[in-house]
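Keep the structure in view as you read.

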Amino acid sequence: MSTTEIEVLTARDVPLGGPRAMTVRRTLPQRARTLIGAWCFADHYGPDDVAATGGMDVAPHPHIGLQTVSWLFSGEIEHRDSLGSHAYVRPGELNLMTGGHGISHTEVSTARTTTLHGVQLWVALPEEHRNTARDFQHYAPGTVRVDGADIRVFLGSLAGSSSPVRTFTPLLGAELLIDPGATVTLRTDPAFEHGLLVDSGDVRLAGTLLRPAELGYAGVGADGLTLTNESDVPARAVLLGGTPFEEEIVMWWNFIGRSHEDIVEAREEWEKASDRFGTVDGYPGDRLPAPALPNARIAPRRNPAPRVAPARG
């Protein structure tokens with residue numbers, strides 16, 4: 001197996017959801033790294049005491065050029081979208097929404113939720129598919145046991161488990177629950193780069209210690225990753241991966257395009273309530289207004305050249 005150098009990305013606190021915002025920890029995007037594979041956005045939140053904070057209440061808002069991936073550790077979120085989907089996000093169950101040319105949706109924690117805890121992730125769509133039709137998929141993966149770890153693979157393939165959920169670029173998404181003191185070595189695709197987002201416990205990834213809310217980046221070329229739970233309690237992490245996304249993207253608010261003009265057009269169409277984004281039924285409130293555009297042109301983002309794992313020996 002190749003040795004692997006790990007880059008540690010730290011999170012920043014940001015408000016999510018407009019006037020009734022909850023605070024989330026964001027590790028992607030940031031200056032050092034825009035994407036890991038096609039993963040371009042990673043928010044990590046909770047454990048959040050809903051009685052104290054009010055939980056999640058995100059009014060109708062739009063997306064273009066991306067897929068949203070919702071994955072919970074605890075709690076429940078009600079999802080409605082302009083495709084007509086009405087679904088619930090529950091622990092261990094994937095909700096993936098495709099908002100290519102345009103979609104809008106709401107996310108509200110349910111009345112029976114006491115603690116809200118999970119991740120919200122985005123996947124950038126490649127140029128040839130970024131105007132694809134709206135779509136929604138739900139999947140509840142089984143658990144695979146490997147070397148002292150329980151693994152749920154919600155996208156792609158890992159540890160002999162594969163997800164049937166459709167994606168537009170090669171991707172991996174999995175939740176890992178590692179026993180206290182356990183070490184697990186996972187065979188990985190050397191064409192993929194990977195990111196390990198630690199939720200709880202202290203996890204050593206290829207020799208580098210990652211603490212809760214940190215994300216460890218491993219470049220392409222590694223045919224395996226070794227993880228050790230350095231804690232005396234179970235550790236939980238989310239492993240993300242994919243082939244490097246070579247296209248430049250323009251990210252602003254809830255939109256991913258390829259130019260400043262893409263963003264301006266999408267914002268204008270949302271503000272005038274065009275058919276591009278449809279309508280969400282069943283939410284008792286107004287849509288989120290788009291924020292003002294910056295005074296300068298929105299610059300495209302591209303990753304640094306993918307880091308390659310050095311060969312051992």
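Start with a pair of residues. Glu78 stands opposite Tyr88 in strand 8. This is a predicted model. Strand 7 (residues 77–81) and strand 8 are joined by 4 bridges, and the two run antiparallel. Strands of a sheet pair through backbone hydrogen bonds, either parallel or antiparallel.

Next, find Ser70. This residue lies in strand 6. Is Ser70 buried or exposed? Its relative accessible area is 9%. The cut-off for buried is under 20%, so Ser70 counts as buried. Its side chain makes a polar contact with the side chain of Gln120, at 2.9 Å. Leaving out residues up to four places away in sequence, Ser70 also touches others, including Val89, Glu93, Leu94 and Val119.

Val69 sits one step back in the numbering. Setting aside neighbours within four places in sequence, Val69 is in contact with residues that include Trp39, Leu94, Val119, Phe154 and Leu155. In a regular strand the side chains alternate between the two faces of the sheet.

Val69 leads us to the largest nonpolar core, which has 34 residues. Trp39, Cys40, Val69, Leu94, Phe154, Leu155 and Ile256 touch the most other members. Several strands give two or more residues to this core, among them strand 4 (39–49), strand 6 (66–74), strand 9 (94–98) and strand 14. Strand 11 supplies the largest share, 5 residues. A second, separate core has 25 residues, including Leu172, Leu210, Ala237 and Leu239. In soluble globular proteins, nonpolar side chains tend to be buried together.

Finish at strand 17. How many of its 8 residues are buried? The count is 7, so strand 17 (residues 171–178) is largely enclosed by the rest of the structure. Strand 17 pairs with strand 14 (residues 149–155) through 6 bridges, and these two run antiparallel. Here Asp150 stands opposite Leu177 in strand 17. Strand 17 is also joined to strand 24 (residues 235–242), by 8 bridges, and this pair runs antiparallel. Look for Leu171: its bridge partner in strand 24 is Gly242.

Key. Residues are numbered from 1 along each chain as its sequence is written. This is a predicted model: local features need pLDDT of at least 70, side-chain atom pairs count only at pLDDT 80 or more; totals for chains, interfaces and linings use all residues. Side-chain values use heavy atoms; hydrogens and water are left out. Buried means under 20% relative accessible area, exposed over 50%, partly exposed in between (1.4 Å probe, protein chains only). Two strands pair if DSSP finds at least two bridges between them. A nonpolar core is a set of buried Ala, Val, Leu, Ile, Met, Phe, Trp, Tyr and Cys residues joined through side-chain atoms within 4.5 Å. Contact means heavy atoms within 4.5 Å. A polar contact is a pair of N or O atoms within 3.5 Å; within protein, one must be able to donate a hydrogen and the other to accept it, and residues adjacent in sequence count only if both atoms are side-chain atoms.
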